[in-house]
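Subject: Structure for you to look at

Hello,

Here is the structure I promised to pass on. Please open it alongside these notes.

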Amino acid sequence: MPAPITLFGATSPSGQALIALAAGRELVVAGRRPPLPPASGDSGGGEAPPFLRCDLEDTGAGAEVPAGLLVSFAPIWSFAPWLERFAGRDPAGFGRLQGVIACSSSSVITKRFAANRFDRDLVRRLRQAEESLSRTCAAHARPLRILAPTLIYGQAGPLGDRNLSRLRQLLRRLPLLPLPGEGGLRQPIHCRQLAAVALHLADRLAEDGFDPSQPVHLPLGGDDTLSYAAMLRRLQDATDRGDRARRCRLVALPPRLFLALASPLLLLSPKRFEAVLRMGADLAGFTPAHHLLGGSPEPFPLLPLVP
């Protein structure tokens, strides 16, 4: 019988996807707000799972967490200190856990050399939270996996991503979009794929137990590696025939000319300038989801997408 799951971050697309994938097994949603009921098309019907009120920012006594598995899609910098407080307050209860899955971000790798302060602070917060989780779980010999996904996209129930959906909105607004050649490589992962990997690894932790020789940090991507321009073209092809995003022309410029045209952004917004620079960088090479799930590769883009 599968171990019970306590889910944090249920109001994220991946959290919603996990609720649907875990239909029929024991699952409790922990958070500040009750979970949304699954959409009518999702497996598991229309009833929301049981709810455990728990504020990750509350430094007080907090709620009692059931034994079993913890899976978190909540901000890792909030989940890590909460888990540390839980372990210190109730070491026996923490010792009953069969495993912890926490979602971080590949930004801890891809933005580690960022020049702007916003991205440097993001990397610092991610790294500190990951280190805190590792220390807490290792001190109590509890198995842990930290997922570091890249470019999460897609929709689950009523919730959608804020990555590719924003790109598609940009395609709808612009008649043409300049690119640095074909751009760098990308490996987008659908929120359902991320949820499936989290569920699969959680069950593996419950079976295998604590093994310090196993890697804790897992950079994760989708099954397709494609250029930035190819990703946008496939995104255009996945839209309805009358969608304005299809009419945006992708213009491949020589990379040096593209950077020269983008250079004024450096003065206006260093953060946006670095985001433009990353269009030409390779942000791929992560473990494909199907390598962990054992199925066939799923080509980009998977449906549903944000309308």
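First, the basis. This is a predicted model, where local features need pLDDT of at least 70, side-chain atom pairs count only at pLDDT 80 or more, and totals for chains, interfaces and linings use all residues. Residues are numbered from 1 along each chain as its sequence is written, and side-chain values use heavy atoms, with hydrogens and water left out.

The largest nonpolar core has 30 residues. (Such a core is a set of buried Ala, Val, Leu, Ile, Met, Phe, Trp, Tyr and Cys residues joined through side-chain atoms within 4.5 Å; buried means under 20% relative accessible area with a 1.4 Å probe, protein chains only.) Leu7, Leu18, Val71, Phe73, Ile101 and Leu147 have the most contacts inside it. Elements supplying at least two residues each include β1 (5-8), α1 (13-21) and α7 (191-208). Helices are DSSP runs of H or I, at least four residues, and strands are E runs of at least two, numbered from the N terminus. The largest share, nine residues, comes from α7. Another core, of 29 residues, lies apart from it; Val28, Ala87, Ala129 and Cys137 are among its members.

α7 itself has 18 residues. Its buried residues include Cys191, Leu194, Ala198 and Leu205. Just after α7, Gly209 takes a positive phi of about 75°.

Last, α11 (residues 270-277). Phe273, Glu274 and Val276 are buried there. They line one face of α11, because its buried residues fall within an arc of 155° seen down the axis, taken from the directions from the helix axis to the C-beta atoms.

Best wishes

Notes. Buried means under 20% relative accessible area, exposed over 50%, partly exposed in between (1.4 Å probe, protein chains only). The expected span of a helix is 1.5 Å times one less than its number of residues.
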